[in-house]
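User: I have a model open and want to go through it piece by piece. Can we start with how burial is judged?
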Amino acid sequence: MLIRFWGSRGSIPTPLGYRAVRAKVREALMAARGLKLDSLSPEAIDAFIANELPFSVSGTYGGNSSCVEIETGGDEYVLCDVGSGVREFGNALIAKHGPAKKSRFNVFLSHTHWDHIMGFPFFAPAYIPGNRICIYGCHGVLREALRTQHSAPWFPVDFHSLGSSIEFITLEPSHTYKVAGLSVTSIKQFHTGDSYGYRFSQGGKSIVYSTDCEHKSSHLDETYPFVTFYRNADLLIFDAMYSLGDSVSVKEDWGHSSNVVAVELAQAARVRRLVLFHHEPAYDDRMLEEIFADTVRFEAISRPGHQVPGQGVHSQRVHSQGVEVISAYDGLELEL
Amino acid sequence: MEIGERRDGNILVLRPVGRIDNDTSPDFQSRLLSGLTAGAAVLVDFSAVEYISSAGLRALMMGSKQSKAANGKLAVASLGPVVKEIFEISRFAMVVQVFDTPADALAALR
């Protein structure tokens with residue numbers, strides 16, 4: 001399986017402004033002082049960008065709201081949520097295969113808050129006759145939510161005029177279904193209006209998509225249902241939007257969790273790889289990079305007896321024989 | 001868990017020992033909240049705390065809330081290197097007042 005992140009940001013799309021781009025260019029040039037750039041090969045410049053610049057300078061976590069693709073190896077497509085990232089997913093497919101290729105898309109919605117559905121009106125394959133889109137979720141309002149945002153006065157093209165065939169399938173939480181070669185089960189989460197996490201399994205590998213959930217329990221151990229749901233997952237995509245301090249004080253009951261709770265749950269469930277997801281829109285790339293480094297550090301110090309890795313983490317993926325911590329960014333691909 | 005206890009004037013000083021985690025945080029929270037009566041000033045001396053998990057930090061948050069509601073004062077002091085790092089990673093200094101030494105904290109609480 002291959003996991004592709006098309007949208008990693010929480011709450012609202014967060015584009016980079018020109019000031020942020022200029023700041024990155026400036027920092028890159030400052031870091032390159034002393035190099036004889038005119039004598040460097042393009043490969044050497046690529047290596048400098050990849051190895052010498054922090055990710056917050058050489059790249060960006062991206063600004064599209066939630067959309068994650070699970071490539072199963074089969075003909076059908078599987079997506080978790082259709083935030084603004086789904087626009088780029090649809091455009092990339094058409095650029096690769098052309099508009100004539102007819103496909104089936106299976107979409108699992110965590111919930112219908114706007115950041116998780118707002119990309120659908122811009123999902124080009126939905127306009128192409130012959131495509132089939134199956135939208136799965138545990139809420140009873142899936143059709144109403146997508147139809148309403150896709151109608152006047154919010155949008156010029158009415159939902160009913162879409163060319164593709166669109167079905168809505170309501171799932172029962174905790175039941176297991178077979179979709180596109182994956183076994184899928186869900187869990188109800190703590191979020192205003194409820195949200196649902198999904199666990200996808202195929203060929204002995206499991207991925208959990210668990211966003212928009214506020215874990216307030218003080219017993220993040222074997223007795224906590226989410227530890228059971230996450231247990232031994234190869235990949236856990238987790239809502240780590242806030243700091244723990246924020247999530248228990250000024251942002252209590254806002255429906256999101258922290259990097260600290262992410263690590264504790266991943267460790268308790270013996271998850272292999274943890275992906276920090278649903279990034280706070282108020283955080284810039286530098287801040288998200290700092291949070292990533294903090295999380296790697298916390299994973300190390302919260303694991304008794306393990307050697308603590310040093311500071312100055314540049315890669316967005318660090319594996320220290322416990323839980324591998326990854327920070328999601330738009331364009332990230334992970335193989336299982 | 002073992003929680004040392006003394007009084008410095010009107011200030012209650014609690015000194016938990018060991019780890020404050022899933023197993024021990026209920027004891028810690030219970031003792032902390034029982035000390036935070038109306039108008040009370042409480043200092044938690046962390047010098048003997050090796051580690052604090054999110055459960056322990058939540059207990060402190062509960063203490064902070066109760067203290068504010070009861071017009072009391074709550075502070076922590078003497079964080080060891082690991083606990084200090086966890087406070088920083090958790091951005092917990094905004095939740096509860098942190099002092100380098102018990103003497104600094106006691107002066108602020110008086």
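Analyst: A residue is buried if 20 or more other C-beta atoms lie within 10 Å of its own, exposed if 12 or fewer, and partly exposed in between. Keep in mind that this is a predicted model.

User: OK, take Thr185(A). Buried, exposed or partly exposed?
Analyst: Thr185(A) is partly exposed, because 18 other C-beta atoms lie within 10 Å.

User: Which element is Thr185(A) in?
Analyst: Thr185(A) belongs to strand E8 of chain A, residues 182-189.

User: And what is Thr185(A) in contact with, leaving aside neighbours within four places in sequence?
Analyst: With those set aside, Thr185(A) contacts Ser174(A), His175(A), Thr176(A) and Arg199(A). As for Val208(A), 23 residues apart from Thr185(A) along the chain, the two C-alpha atoms are separated by 9.5 Å.

User: Now Val227(A). Buried or exposed?
Analyst: Val227(A) is buried, because 21 other C-beta atoms lie within 10 Å. Val227(A) sits in helix H6 of chain A, residues 225-230.

User: What does Val227(A) touch, not counting residues up to four places away?
Analyst: Val227(A) touches Leu220(A), Asp221(A), Glu222(A), Leu265(A), Ala268(A) and Ala269(A). Of these, Leu265(A) is 38 residues apart from Val227(A) along the chain, with 6.3 Å between the C-alpha atoms.

User: Moving to helix packing. At what angle do H8 and H9 of chain A pack?
Analyst: Helix H8 (residues 259-268) and helix H9 (residues 285-301) of chain A pack at about 35 degrees, and their axes are 10 Å apart. H8(A) passes H9(A) in a right-handed crossing.

User: Which residues of H8(A) and H9(A) meet?
Analyst: From H8(A), Asn259(A), Val260(A) and Val263(A). Their partners in H9(A) are Ile291(A), Asp294(A), Thr295(A), Phe298(A) and Glu299(A). By class, the contact of H8(A) with H9(A) has 4 nonpolar, 2 polar and 2 charged residues.

User: Zoom out. How many helices and strands does chain A have?
Analyst: Chain A has 9 helices and 15 strands. Its radius of gyration is 20 Å, close to the 20 Å from the globule rule for 336 residues, so chain A is as compact as a globular protein of that length.

User: What box do the C-alpha atoms of chain A fill?
Analyst: Roughly 60 × 55 × 40 Å, taken along the principal axes. Of the 336 residues of chain A, 47% count as buried. Among contacts in chain A between residues at least 6 apart in sequence, 71% join residues at least 24 apart.

User: Then chain B. In what order do the elements of chain B run from the N terminus?
Analyst: The order is β-β-β-α-β-β-α-β-α-β-α, which comes to 4 helices and 7 strands.

User: Which residues of helix H4 in chain B are buried?
Analyst: In H4(B), residues 102-109, the buried ones are Pro102(B), Ala105(B) and Leu109(B). Seen down the axis of H4(B), these fall within an arc of 65 degrees, so they line one face of the helix.

User: Why would residues three or four places apart point the same way?
Analyst: Because an α-helix has 3.6 residues a turn.

User: And which residues are exposed on the other side of H4(B)?
Analyst: Ala103(B) and Ala107(B).

User: What do the buried residues of H4(B) pack against?
Analyst: Four strands of chain B: E2 (11-16), E4 (41-45), E6 (73-77) and E7 (97-99). Leu43(B) lies in strand E4, and its contacts include Pro102(B), Ala105(B) and Leu109(B). Leu43(B) counts as buried because it has 26 C-beta neighbours inside 10 Å.

User: Last topic, the interface. How many residues of chain B are in contact with chain A?
Analyst: 16 residues of chain B are in contact with 17 residues of chain A. On the chain B side, helix H2 (54-69) and helix H3 (81-90) each supply at least two residues. The largest share, 5 residues, comes from H2(B). By class, the side of chain B that touches chain A has 8 nonpolar, 5 polar and 3 charged residues.

Conventions
Residues numbered from 1 in each chain as written. Chains lettered and ligands numbered in written order. Predicted model: local features only at pLDDT ≥ 70, side-chain atom pairs only at ≥ 80, totals over all residues. Contact = placed C-beta atoms within 7 Å. Axes fitted to C-alpha atoms, helices over the stretch in contact; angles between N-to-C directions. Left-handed = near helix turned anticlockwise from the far one by under 90°. Nonpolar A, V, L, I, M, F, W, Y, C, P; charged D, E, K, R; others polar. Rg over C-alpha atoms; globule rule 2.2 N^0.38 Å. Arc of directions from axis to C-beta.
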